[in-house]
Amino acid sequence: AFDPEPLAPADVAAYRERAGVESNSTLALLRERIGQLPAPVQVYAQAFLSRSAALQAQLTAAHGASLAGIKTRYHGDYHLGQVLVTANDFVIIDFEGEPARTFEERRAKGSPLRDVAGMLRSFNYARWSALRRIAQTAEELERLEPAARAWESATRDAFLEAYVATMSGKGAAPIDTELLRLFEIEKALYELRYELNNRIDWAQVPLQGVLALIGPDAAR
């Protein structure tokens, strides 16, 4: 049940198909709920809706060129909230996967890059959530945002460098950056659906994140 298996072209095709379905459902939900968003957040929502073609291009680009990876059991809901710091070490908790997915989906083998993408998205969420809580005015947001962006970039680089170094020592293949981007976008879309259904006033956070993933001209 836990043995790794080689990643096959059919697996990558299935990942792309799943991401496409989820992008369509996310866009449909956003169109339905956009009127409930605060006016400033509607600007981000409109920007996202206007870049649906760019979103599809990103999903299509993830063709899994290397196909040298594996699929195996993985955490499935890996983010900063699942990592406890104790005695100068880390303990990872809650291995049941994304609560919104079926038991069969959560138990199925998949690319471990999904967990990597989940943690990278968590760094982005931490950045925007911190700014959302701390910045009281537009001027404060403009002043603090570069430092928050630099923190996310440095944290992301450190995490990826450590992951690659550790996995290289175990003989793993290099990271497929296109596949990782696919999983990051898919995770951001999941976050957006979650916020639209449960905490609509938080929808700005995944909106900003997914816009940044779609393209550099969409969000800072």
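Predicted model: local features only at pLDDT ≥ 70, side-chain atom pairs only at ≥ 80, totals over all residues.

User: How many salt bridges does the structure hold?

Analyst: There are 19 salt bridges in the structure.

User: Why is the contact between glutamate 32 and arginine 33 called a salt bridge?

Analyst: Their closest N and O atoms are 3.4 Å apart. The cut-off is within 4 Å, so the pair qualifies.

User: What makes arginine 33 count as buried?

Analyst: Arginine 33 comes in at 17% relative accessibility. Buried means under 20%, so arginine 33 gets that label.

User: What about glutamate 145 and arginine 127: which parts does that pair tie together?

Analyst: They form a salt bridge, with the closest N and O atoms 2.3 Å apart. Glutamate 145 sits in helix H6 and arginine 127 in helix H5, so the bridge ties together parts 18 residues apart in sequence. Both residues are buried.

User: Where do arginine 132 and aspartate 201 lie?

Analyst: Arginine 132 is in helix H5, while aspartate 201 is in the loop between helix H7 and helix H8, 69 residues apart. Their salt bridge has its closest N and O atoms 3.4 Å apart.

User: Why is aspartate 201 called partly exposed?

Analyst: Its relative accessibility is 41%. That falls between the 20% and 50% limits, so aspartate 201 is partly exposed.

Conventions
Residues numbered from 1 in each chain as written. Heavy atoms only, no water. Salt bridge = Lys/Arg side-chain N within 4 Å of Asp/Glu carboxyl O. Buried < 20%, exposed > 50% of the residue type's maximum accessible area, 1.4 Å probe, protein only. Helix = DSSP H or I, 4+ residues; strand = E, 2+ residues; numbered from the N terminus.
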